[in-house]
Each structure stands twice: as structure tokens, then as C-alpha cells.
Amino acid sequence: NSIAGIFSYCTALTSVSAPELQTLPTQMLYYCQALEEAVFPKVSTVNSGVFNYCTNLTKIDLGGAITRLSSAFMAYANKVTALILRGVTTVPTLGSTTFNNTAIKSGTCYVYVPKELEATFKVASNWSTYASQIRAIEDYPEICG
């Protein structure tokens, strides 16, 4: 894929938003250490390594109907406190190691989902481990807007 890693190692990018983008390519923002916020309102496909080593990233806001979160899509992005999954209509498939080496795994990041899916997320395969970190988007307007 010719766009894999398109912004890798960018030192200037502090925020990114792509209103029409539907797929996040493999390692798209890999090692973007200045990046603090990423907003993708229509993304429904998240490939591996997208946010790896984005060490200042605090918020990932994804708006599409994501059905699967790739392994290691946010590894070592340990300052992320909010992963917002706005557009999900079902609980995305999650590998047992997807959140290894992440702020979710260490307990410092919350996953915000539509209120009608909150209970389903909390009992879903591989998500149940993080049940105490799953919150309804509607209950946190100060974070989710």
C-alpha cells in the first residue's frame, strides 16, 4: 500500500482531522510524537500501527461504523485518555492483545461508546476485561463534545 506510513515520524503535526477519510492506513501516524489529538469522523477501518508511539497523543475520536480494531493500532501511545468510538453500531471485534502496551491496558484511558451499546461492550469478548473503563459518550459531553 503506497500510503502506508504516510505521516510516519512527522515532528510538526500536533492535531489531525480528516472529515472524509474512511480507512486509516497501516502506520499512518507512526511515531508522530508531537501529535495530541486525532479526529476522523467517518473512519470505519483502522489498520495496525496507526497511532503507535504517538507519545503525546491524548484523544482519538473515530466516527465510523468500525467493526474491528486491528492489533497494536495505538501501542505505546501511553498518554491517550480518551478513545471515542462514535459511529459503532455493533461491538467491534477485538483481539486479546489489541490493547497491549496501551493506556487502556494500563487503566488510564477510557473508551467512550454510544449509550445504547455500553452494556454490550462491557460483556463482549475481550472487551469485558476493560468494563470499568467503558463509558457512554452521552454521559461525558465535556470530553466527547
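Is Tyr53 buried, partly exposed or exposed, and what is its relative accessible area? In this predicted model, Tyr53 has a relative accessible area of 26% and is therefore partly exposed, since this class lies between the buried residues, under 20%, and the exposed ones, over 50%.

The structure holds 11 aromatic pairs. In one of these, the rings of Tyr30 and Tyr31 have their centres 5.6 Å apart, and because their planes meet at 55 degrees the pair is classed as tilted. The two residues were assigned to separate accessibility classes, in that Tyr30, with a relative accessibility of 16%, counts as buried, whereas Tyr31, with 28%, counts as partly exposed.

Tyr31 also pairs with Tyr53, the ring centres being 5.0 Å apart and the planes at 20 degrees, so that this pair is stacked. Tyr31 is located in the loop between β2 (23-24) and β3 (37-40), while Tyr53 is located in the loop between β4 (45-46) and β5 (59-62), and the pair therefore ties together parts that are 22 residues apart in sequence. Tyr30, Tyr31 and Tyr53 belong, together with Tyr9 and Tyr76, to a cluster linked by ring pairs.

A contact between a charge and a ring was also computed, in which Arg135 lies over the face of Tyr110, at 3.4 Å from the ring centre.

Conventions: Residues numbered from 1 in each chain as written. Predicted model: local features only at pLDDT ≥ 70, side-chain atom pairs only at ≥ 80, totals over all residues. Heavy atoms only, no water. Phe/Tyr/Trp six-rings, centres within 6.5 Å; stacked < 30°, edge-to-face > 60°. Buried < 20%, exposed > 50% of the residue type's maximum accessible area, 1.4 Å probe, protein only. Helix = DSSP H or I, 4+ residues; strand = E, 2+ residues; numbered from the N terminus. Lys NZ or Arg CZ within 6 Å of the ring centre and 35° of its normal.
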